[in-house]
Amino acid sequence: MDNMKKNIAWNTFGSIFYCVCQWLITVLVVWLDSYRAAGNLSLAMTTSSSFSAISLFSMRNYQVSDVMGEYTSGQYVSSRVLTCVAAVVSCIAVSMLGNNSQYEVLCIAAFMVVRAAEAVVDVLHGVNQKYMRYDLIGKSYIIRGILTIGSFSLGLLAFQDLMATLFIVAGLNFLAAACFDWMKTSRLEKFQINLMDKKLGKLLKTCAPIVAFSFLLSLENLIPKISLKQWYGEEQLGIYSSIASPTLVVQVFASVAFNPFLPAFSLAYQQGEWKKFRGMFHKALAALAGMCLVVTLGGMLFGRLGLTILFGEGILEHYNLFLPIVWCTILTALIWILSSLVVAVRKIKWLLAGMAVDFLLCLGLVGPLVRTYGKNGVSIVQIVAYAVYIVYLVVICEISTRRRKGDK
């Protein structure tokens, strides 16, 4: 048990460390370059994040909740190779067809390669989790975090060019995935890559609604930002993104802290232990509510000080953006956690149906709110859409495990 706690501690620390490193590059780009470069970086990160839904294929939650061994590790890894290729190609194609300059397309392409490396590592981490080797997951995050922040800083200092720097970061991330994650995971379990495996089609079809959900959710984050850029310019997007960058730690921490417990939820549901599931679910909701309160109070008490340290006193003229962004981040974390529970109870079609309606709500709000409230309009759109969807997810979990005859 003590060894298990240490492994989970490695996982938690490593995940947060990697997130902090990715956040730091959004700060360093302002220090070492400009808000314009920050806008380009934000566009690259946000756009690639949308197509990351294709590379990840939202399979991790399904993989770790596959406690009955429906699919093999080789099949999960093989499917990830296919989805990564599809994601990179589609991201570059859509970026070229969009209203982006050649430089912006290259920045997006570079960061999409980083996302592809993350996706390969993610499926290998799913195998690590199967063997409770959370320590390997944490060490992987730490290695890639150090490489990311180091190469980004040195790249900008040496080349003074964001695009070239991002390609260096991408290459080193893939090198780490090959030299550490692939080698360590293959020692835990021997698996083969077979892109012609007939079960891959069934696996991808099963997870397709989760992918569509993830893609639409990422678009709910992307579209308001694109609208802000189009109507108010890259610099305004850069300011918004810079203030938003410190809050990403909260989202990652919440997801990482919850992830080790997902198999327990899935096992309780599949064994018909509805009472046990509901008990764990209600405790999780209480913990999430407590997290929301603590993060909000922390933002109110230390937000000004933190932003001043990171960006200087000049950023405080935009401080009114901070708390709404904090709430957006909290709600995003809640959606990822609750959606993983909906996947665990295998109500995947309902997950997508609710998001489709919520996405239409987001589209309807973007125009009037961003035009009226500017940078704060981006946050308001997301807060309203996310809050509605969170209520929906809670209802789905409650209905799926409602008391019934033979309740254990």
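Modeller: What follows goes through the salt bridges pair by pair. This is a predicted model, in which local features need pLDDT of at least 70, side-chain atom pairs count only at pLDDT 80 or more, and totals for chains, interfaces and linings use all residues. Residues are numbered from 1 along each chain as its sequence is written, and side-chain values use heavy atoms, with hydrogens and water left out.

Side chains of opposite charge can pair when their charged atoms come close. The term salt bridge is used here for a side-chain nitrogen of Lys or Arg within 4 Å of a carboxyl oxygen of Asp or Glu. Across the whole structure, 6 salt bridges are found.

One of them joins Asp122 and Arg60, with N to O at 2.9 Å. Asp122 belongs to helix 5 (residues 102-130) and Arg60 to helix 3 (residues 60-64), so this pair ties together parts 62 residues apart in sequence. Helices here are DSSP runs of H or I with at least four residues, numbered from the N terminus. Asp122 is buried, at a relative accessible area of 14%, and Arg60 is buried as well, at 13%. Buried stands for under 20% relative accessible area, exposed for over 50%, and partly exposed for what is in between, using a 1.4 Å probe and protein chains only.

A second pair is Glu104 with Lys229, whose closest N and O atoms are 3.4 Å apart. This pair links distant parts of the chain, since Glu104 is in helix 5 and Lys229 in helix 8 (residues 199-232), 125 residues apart. Glu104 counts as buried at 7% relative accessibility, and Lys229 is buried with a relative accessible area of 16%.

Arg115 pairs with Glu118, and the closest N and O atoms are 3.7 Å apart. The two residues are 3 apart in helix 5, about one turn of the helix. An α-helix has 3.6 residues a turn, so residues three or four places apart point the same way. Both Arg115 and Glu118 are buried. Salt bridges with shared partners also join Arg60, Arg80 and Asp122 into one network.

Arg115 can also be placed relative to Trp23: the two are 92 residues apart in sequence and 15 Å apart in space, C-alpha to C-alpha. Trp23 sits in helix 1 (residues 2-32) and is buried, with a relative accessible area of 13%.
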